[in-house]
Amino acid sequence: MELAQRVQTLTPSSTLAITAKAKDLKKQGFDVIGLGAGEPDFNTPAYIIDGAQQAMNNGLTKYTPAGGIAELKLAIIDKFQQDNGLTYNDKQIIVTNGAKHALYTLFQVILNKEDEVIIPSPYWVSYPEQVKLAEGNPVILPADENNDFKITPKQLEEAITSKTKAVIINSPSNPTGLMYSKGELEALGEVCLKHNIIIVSDEIYEKLIYTSKEHVSIASISDEIYNQTIIINGVSKSHAMTGWRIGYAAGNETIIKAMTNLASHSTSNPTSIAQYGALAAYTKDPGNISLEYKKIFAERLDAFYKLIQDIPGMECIKPEGAFYLFPNAKKAAEMNGFATVDEWVAALLEEEKVALVPGSGFGSPDNVRLSYALSIEELTEAANRIHRFVLNHK
Ligand code: PLP
């Protein structure tokens with residue numbers, strides 16, 4: 001059976017692939033430590049589950065407006081005002097089936113065939129595939145590891161052509177955990193304004209920052225940049241709600257309207273019950289759940305970073321946010337006699353039963369991504385195994 005051309009070059013998500021392989025080995029009885037997970041290891045807080053439960057009990061289990069229930073849009077509008085100092089109206093918001101689907105829908109409505117989207121690498125694995133699915137061309141712009149994996153305004157300007165439609169900024173970043181400062185965002189924003197380029201700002205990790213640096217939304221820098229930016233965010237990472245599939249986009253009314261029309265013919269609406277769960281997440285928080293998570297992740301980061309730093313041949317910039325380390329493992333791979341980091345990762349899983357995600361899936365083949373959404377005991381054991389492998393594998 002001949003498949004459509006648009007899916008013939010589609011590659012499965014490398015993070016999901018490694019997680020599946022690790023699960024498979026676990027099933028066979030091996031003691032595997034998976035560092036591939038892109039999700040918090042906490043259960044969704046009880047107050048959120050209660051919100052969804054009440055919605056079910058009250059019969060709120062029917063179709064909802066395609067762009068999300070009005071109450072949740074209002075809660076999202078409040079969140080933007082409070083957290084980011086940004087003012088939106090309800091026509092500028094769409095609730096989607098996760099941030100991933102917000103991005104997918106966005107590219108579908110803004111890209112014509114062969115329009116270019118600039119994607120700084122290392123990048124989140126789904127960006128290039130989503131652009132290709134919208135018949136656009138992903139233009140990968142390598143960010144220098146010596147510049148904390150961040151692109152410069154000069155680099156951005158040089159990558160722009162007459163076909164450039166958008167650039168993706170993901171801060172804090174998956175996979176590097178690094179962030180752009182306000183000044184850096186301002187300079188990148190100026191380039192986008194000059195060339196009339198849409199800024200897709202993926203801010204899904206904004207609540208998980210472990211330094212004194214504050215998250216700055218690029219849209220808050222000026223009215224001109226605000227008008228040019230679509231913000232992507234969601235509750236998956238901030239509220240341990242990955243399986244609920246609630247994300248959102250905010251920005252230009254015409255774009256949001258087109259995304260909503262597309263959703264009305266594809267998903268109909270994000271799951272009603274999950275929307276009420278997200279509403280509770282934003283409006284009923286009895287403490288400050290994101291702060292609690294932040295504290296736990298910060299401790300894990302400090303402990304794990306130190307252990308990984310101590311491994312010969314692994315060089316790592318200390319991340320500022322998200323929950324990943326992204327060390328350069330080229331030297332470790334060479335010391336162990338492997339030509340590529342991909343092969344080294346495969347052998348590590350085979351021999352020591354530790355699953356890392358190869359950086360090749362993120363456009364950075366000398367690096368590996370290690371999630372620290374695990375207990376400190378598991379992280380310590382994982383680091384010990386990697387250390388042992390680097391010292392002993394011949
Ligand atoms: N953006 C980035 C950078 C991510 O890492 C993820 C999830 O891994 C997403 C978007 C999508 O999140 P979700 O679809 O669960 O809301």
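Residues are numbered from 1 along each chain as its sequence is written. Because the model is predicted, local features need pLDDT of at least 70 and side-chain atom pairs count only at pLDDT 80 or more, whereas totals for chains, interfaces and linings use all residues.

The protein chain is assigned domain 1 (5-43 + 289-392) and domain 2 (46-283), with bounds from an automatic or database domain assignment. The C-alpha centres of domain 1 and domain 2 are 25 Å apart. Contact (C-beta atoms, placed from the backbone, within 7 Å) links 34 residues of domain 1 with 33 residues of domain 2. On the side of domain 1 that touches domain 2, the largest share, seven residues, is supplied by H12.

The ligand is surrounded by 13 residues (C-beta atom, placed from the backbone, within 6 Å of the molecule). The closest are Gly98, Ala99, Lys100, Asn174 and Ser236. Helix H5 (residues 98-110) contributes the largest share of this shell, three residues; helices (H or I, at least four residues) and strands (E, at least two) are DSSP runs numbered from the N terminus.

Tyrosine 205 is located in the loop between strand E6 (198-202) and helix H9 (223-228). Beyond its neighbours within four places in sequence, tyrosine 205 is in contact with Pro172, Asn174, Lys237, Gly321 and Ala322.

Note on methods
Two residues are in contact if their C-beta atoms, placed from the backbone, lie within 7 Å.
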